Amino acid sequence: MAVNLPTNMLRSFVAIVDAGSMLNAAERVFVTQSALSLQIKRLEELVQKPLFHREGRRLALTAAGELLLGYARRVLALHDEALAAVTAGQFAGPVRVGMVQDFADLLLSGLLARFSELHADAQIFARVAGTAELQEMLARGQLDLLIGYAAPGDAHAVRTAPSIWFGDDALTLKAELPLAVLEKPCRFREAAIAALDAAGRPWRIAVETPNLSTLRAAIASGLGVSSRTGLFLRDLPAVTPGLLPPLPDVACIVARAQPDRAAAGHLHELAVELIAGL
C-alpha cells in the first residue's frame, strides 16, 4: 500500500528549514510548537527516517532530510500550481489574518464567519496579538491581513475613534490613581500614562495582564481604571468626563500584504466595510 505524505506536514517541514527554528516556523504555518513537533514526528514515522538532528540549539537536516527537502519543495509548488489553476488563482492557499484582541470577538464571529460562508473552501489562519507584533509579521510575509490600531492619519486608517477612561468614578478620588493595563507594548497604556504624567496626576499599576478579558474583569470589579475606545467596552462604566485628563483619538486600521492575494483582498474589503460601520 502506497504511503501518502500530507502536504501540511511537508509545508511545516519546509517552514522549519526556511525559518531556522520551530518557534519561527510555528508563526509561519499558524500552529503551536507542540503541534509542529508532532507533525514532524509523524512525517519521520512515514518516511521511517529522522529528518533533523540537533547541533547545539540549532536544528540541522539529516541526509534524509536534505533529500526530502528538494522533493517537498517540488511537491508543494506543484500542489499550489494545481490549486491555483483549478480555482483560477482566486482562493488558493490559506488566508492569514492578524488582529488585536479588541477586534477578535467581533471579527471571529462576524467577519470571518461571513467570509467562510461566501468561500466555504477557503482556509483561514487567525492570529491575535498586539499591533506592533502583527506589523512585524505582515512585513515578514507571515500575514496577509492586519487589523489593529494606529495614530490618527495612518495611511491604512478606516475610522478614528476617541479613547475613553473606563472605571469607577470613586477611584479618581484616590491619592494615586489605580490603573488596569495590558502588558507592554500597548498604545492605550502608553497614552493613559502620558496623559496622567502631563497633568501631574500620580498613578500606580494596580492590574497588569496580557489578556483583554482579564482587563475587562478588573475594570468591572473596581480594581482600576483603564483607557480604551468605546467601540468594544460599551458594557463597562465610563469615568465621568473631566475627572481625568483627556486622551488622544486612535485609528482603526486594516492593512494587507503586498503583493496582494485575491482571497486576502476580498477579506480586506469585508473588514473595511464592517469596521467603518461600527
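**Exercise 1. Find the partner of Arg-42 and describe the setting of the pair.**

*Step 1.* Start with the contact: Arg-42 makes a salt bridge with Glu-45, and their closest N and O atoms lie 3.4 Å apart. The term stands for a side-chain nitrogen of Lys or Arg within 4 Å of a carboxyl oxygen of Asp or Glu.

*Step 2.* Now place the two residues. Both belong to helix H3 (residues 33-47), where a spacing of three residues separates them by about one helical turn. Helices (H or I, at least four residues) and strands (E, at least two) are DSSP runs, numbered from the N terminus.

*Step 3.* Check the accessibility. Arg-42 is partly exposed at 39% relative accessible area, and Glu-45 is partly exposed at 42%. Here buried means under 20% relative accessible area, exposed over 50%, and partly exposed in between (1.4 Å probe, protein chains only).

A word on the source: this is a predicted model, in which local features need pLDDT of at least 70 and side-chain atom pairs count only at pLDDT 80 or more, while totals for chains, interfaces and linings use all residues. Residues are numbered from 1 along each chain as its sequence is written, and side-chain values use heavy atoms, with hydrogens and water left out.

**Exercise 2. Work out which parts the salt bridge of Arg-228 and Asp-102 ties together.**

*Step 1.* The side chains of Arg-228 and Asp-102 meet at 2.7 Å, N to O.

*Step 2.* Arg-228 sits in strand E10 (residues 226-229) and Asp-102 in helix H5 (residues 101-109), so this pair ties together parts 126 residues apart in sequence.

*Step 3.* Are these residues buried or exposed? Arg-228 is buried at 6% relative accessibility, and Asp-102 is buried at 4%.

*Step 4.* Glu-136 is partly exposed at 48%, as is Arg-140 at 45%.

**Exercise 3. Classify the ring pair of Phe-103 and Tyr-149.**

*Step 1.* Count first: there are three aromatic pairs in the structure. Rings of Phe, Tyr and Trp (its six-membered ring) pair if their centres lie within 6.5 Å; planes under 30 degrees apart count as stacked, over 60 as edge-to-face and the rest as tilted.

*Step 2.* Phe-103 and Tyr-149 are 5.5 Å apart centre to centre, with 45° between the planes, and the pair is tilted.

*Step 3.* Phe-103 lies in helix H5 and Tyr-149 in strand E5 (residues 145-150), so the pair ties together parts 46 residues apart in sequence.

*Step 4.* Phe-103 is buried at 0%, and Tyr-149 is buried at 5%. Ring pairs also bring in Phe-188, forming a cluster with Phe-103 and Tyr-149.
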